[in-house]
Amino acid sequence: MGGGAQAVGELKLDGILGTLFPSRGDTGMGRDGTTERAIAYVRRVFPGADPRQVTGNMADYLDAERAEGCRLECRGPDVCPFGGFRPEVFMEPLPGGRQAVVVRRLKCRARIEREKQAAVERLLAASRLPERLKACSFGSFRTAGLEGDVAKAKRMAMAALEDGNSLILAGPRGVGKTHLAASMVNARLESRRQALFVTVPDLLDEFRTATANGRGTELMSAVKESDFLVLDDLGAERPTEWVGERLYMIVNHRYLHRLQTVITTNAGSAVHLVELLGDQGERIVSRLGEMGAWCSIRAKDYRFLRKDSKAGGRDG
């Protein structure tokens with residue numbers, strides 16, 4: 001039986017090689033000389049290649065030859081004769097130490113960049129980042145001439161982005177909390193990583209509507225399970241039992257699953273935030289404290305500083 005199995009295996013391998021390495025009469029040589037030109041191109045790429053190693057459609061090899069110019073002058077996927085998939089020839093190994101020349105159509109650099117940009121745009125839409133915050137970045141977050149807490153908050157936000165730790169940005173209005181949180185979101189989107197930005201009072205309104213429409217569970221899951229979540233303006237909502245329960249469900253899930261969470265709040269301290277969150281405040285703030293660092297920003301409202309600078313005051 002062993003000899004029979006070996007014979008069958010040899011027949012199968014012979015069949016494969018016969019397809020890949022046809023006899024000279026089966027190469028499909030046409031009157032237009034396509035095969036000769038294809039083989040000549042293969043030998044230019046792989047000197048000494050055996051014509052029997054050239055497999056597939058001979059016209060593909062001529063496409064690969066034409067595509068060499070694309071590397072020098074790419075006109076973009078929209079007008080590319082190959083649709084952004086550049087044909088290239090490769091020498092690939094086969095069983096038994098044999099080799100075959102094949103054509104593979106690979107995404108060109110322009111198409112890859114186009115798809116990257118489209119991915120970022122999809123992520124940006126899914127992030128729910130407000131239009132005003134889409135331009136926020138660490139580069140545009142100015143600290144010159146401002147209080148030391150502002151520069152410290154920027155350093156902590158940049159560090160949290162790198163190490164994946166959660167962060168609570170706390171302080172009065174206009175000190176840059178939301179700008180920093182949005183900068184973290186935009187940095188993740190640029191590197192094609194998922195992020196979600198929600199303003200807490202608006203999110204709670206959406207929960208009420210979604211629950212009435214039978215989509216409350218779906219929305220809750222999206223918020224709880226996001227790889228990176230910004231809860232902007234925590235503590236600005238009116239505390240009720242229903243509100244406290246929803247917020248605790250979100251924070252507790254993210255705590256248990258070690259999901260990075262960034263909080264912005266006007267609360268001046270952890271004790272103050274507990275008071276703002278009502279009955280569930282202590283449980284929520286306790287979880288947040290274990291998840292990441294508390295960053296207090298004691299500074300003047302940057303919006304007013306900008307107005308003063310236009311009138312000759314300090315540059316914000």
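## The chain as a whole

Accessible areas are calculated by the Shrake-Rupley method with a 1.4 Å probe. On that basis the chain, which is shown here as a predicted model, exposes about 17,800 Å², and carbon and sulfur atoms supply 51% of this area. Of its 316 residues, 41% count as buried.

The secondary structure of the chain comprises 12 helices and seven strands.

## Helix 6

Helix 6 consists of 14 residues and reaches 20 Å from its first C-alpha to its last, which is close to the 20 Å expected at 1.5 Å a residue. The helix is mostly covered, with 10 of its 14 residues buried, and these include Leu180, Ala181, Ala182, Ser183 and Met184. Helix 6 is followed by arginine 192, whose phi is positive, near 60 degrees.

Serine 183 lies in helix 6, which covers residues 177-190. Because its relative accessibility is 2%, and buried means under 20%, serine 183 counts as buried.

When its neighbours within four places in sequence are left aside, serine 183 is in contact with Cys136, Ser137 and Phe138. A polar atom of the side chain of serine 183 lies 3.2 Å from the backbone nitrogen of serine 137. The C-alpha atoms of serine 183 and phenylalanine 141 are separated by 8.6 Å, although the two residues are 42 residues apart along the chain.

Terms used
Residues are numbered from 1 along each chain as its sequence is written. This is a predicted model: local features need pLDDT of at least 70, side-chain atom pairs count only at pLDDT 80 or more; totals for chains, interfaces and linings use all residues. Side-chain values use heavy atoms; hydrogens and water are left out. Helices (H or I, at least four residues) and strands (E, at least two) are DSSP runs, numbered from the N terminus. Buried means under 20% relative accessible area, exposed over 50%, partly exposed in between (1.4 Å probe, protein chains only). Contact means heavy atoms within 4.5 Å. A polar contact is a pair of N or O atoms within 3.5 Å; within protein, one must be able to donate a hydrogen and the other to accept it, and residues adjacent in sequence count only if both atoms are side-chain atoms. The expected span of a helix is 1.5 Å times one less than its number of residues.
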